[in-house]
Amino acid sequence: MKLVIDESRCKGCNLCVLVCPYSIFQEGKTPNRRGIVVPTLDRPERCTNCRLQHLYGRMLCGVCSMICPDQAIHWEEEKPFEPHRVEVEF
Ligand code: SF4
Ligand code: SF4
């Protein structure tokens, strides 16, 4: 699963920044077109929900989405993994 902030709903209150135990939400720096400074995500794949939601078949943690006053945080299905060639130079 992929963690997503809906920019059209977020008002930049930064409550999500305060509550995430992994500090995935970071205070944003640049205002968007609406003048809202939306938090950025630091390695969101570390989120418990992203990693284990499928395994447990239910929502885990979810504190950020519970505290968000604008229901701006949700998770989306990721596209199937597509293998790609990686070249390593020695
Ligand atoms: S669900 Fe929990 S771990 Fe994941 S981003 Fe939200 S607060 Fe952080
Ligand atoms: S808690 Fe919700 S509205 Fe507040 S900054 Fe985070 S995503 Fe935006």
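**View 1. Cys64 and its neighbours in the nonpolar core.** Leaving out residues up to four places away in sequence, Cys64 touches Cys16, Val19, Cys20, Phe25 and Ile73. Contact here means C-beta atoms, placed from the backbone, within 7 Å. Cys64, Cys16 and Ile73 are the residues with the most contacts inside the largest nonpolar core, which has 13 residues. Such a core is a set of buried Ala, Val, Leu, Ile, Met, Phe, Trp, Tyr and Cys residues joined through C-beta atoms within 7 Å. A buried residue has 20 or more other C-beta atoms within 10 Å of its own, an exposed one has 12 or fewer, and a partly exposed one falls in between.

The model is predicted: local features need pLDDT of at least 70, side-chain atom pairs count only at pLDDT 80 or more, and totals for chains, interfaces and linings use all residues. Residues are numbered from 1 along each chain as its sequence is written, while chains are lettered from A and ligands numbered from 1 in the order in which they are written.

**View 2. The whole protein.** Three helices and four strands make up the elements of the protein. Their order along the sequence is β-α-β-β-α-α-β. Helices (H or I, at least four residues) and strands (E, at least two) are DSSP runs, numbered from the N terminus. The C-alpha atoms fill a box of roughly 45 × 35 × 20 Å, taken along the principal axes. Of the 90 residues, 17% count as buried. Among contacts between residues at least 6 apart in sequence, 57% join residues at least 24 apart.

View 3. β1 covers residues 2-5. Leu3 and Ile5 point to one face and are buried. β1 runs antiparallel to β4 (residues 73-76), and four bridges join the two strands. Strands pair if DSSP finds at least two bridges between them. Opposite Val4 stands His74 in β4.

**View 4. The shell around ligand 1.** Ligand 1 is surrounded by 13 residues. The closest are Cys20, Cys47, Cys61, Val63 and Cys64. A residue is near a molecule if its C-beta atom, placed from the backbone, lies within 6 Å of it. Helices α2 (48-56) and α3 (63-67) each supply at least two residues of this shell. The shell divides into 10 nonpolar, three polar and no charged residues. Ala, Val, Leu, Ile, Met, Phe, Trp, Tyr, Cys and Pro count as nonpolar; Asp, Glu, Lys and Arg are charged; the others, Gly among them, are polar.

**View 5. The shell around ligand 2.** Here 14 residues lie around the ligand. Cys10, Cys13, Leu15, Cys16 and Cys68 come nearest to ligand 2. This shell has 10 nonpolar, two polar and two charged residues.

**View 6. Two loop residues with positive phi.** Asn14 lies in the loop between β1 and α1 (15-19). Its phi is near 65°, a positive value in a residue other than glycine. Asn14 is partly exposed because 16 other C-beta atoms lie within 10 Å. Not counting residues up to four places away in sequence, Asn14 touches Glu27 and Pro39. Asn14 and Val38 are 24 residues apart in sequence, and their C-alpha atoms are 8.0 Å apart. Arg43 sits in the loop between β3 (40-41) and α2. Phi of Arg43 is near 45°, also positive in a residue other than glycine. Arg43 is exposed, with 10 other C-beta atoms within 10 Å.

Notes
Two residues are in contact if their C-beta atoms, placed from the backbone, lie within 7 Å.
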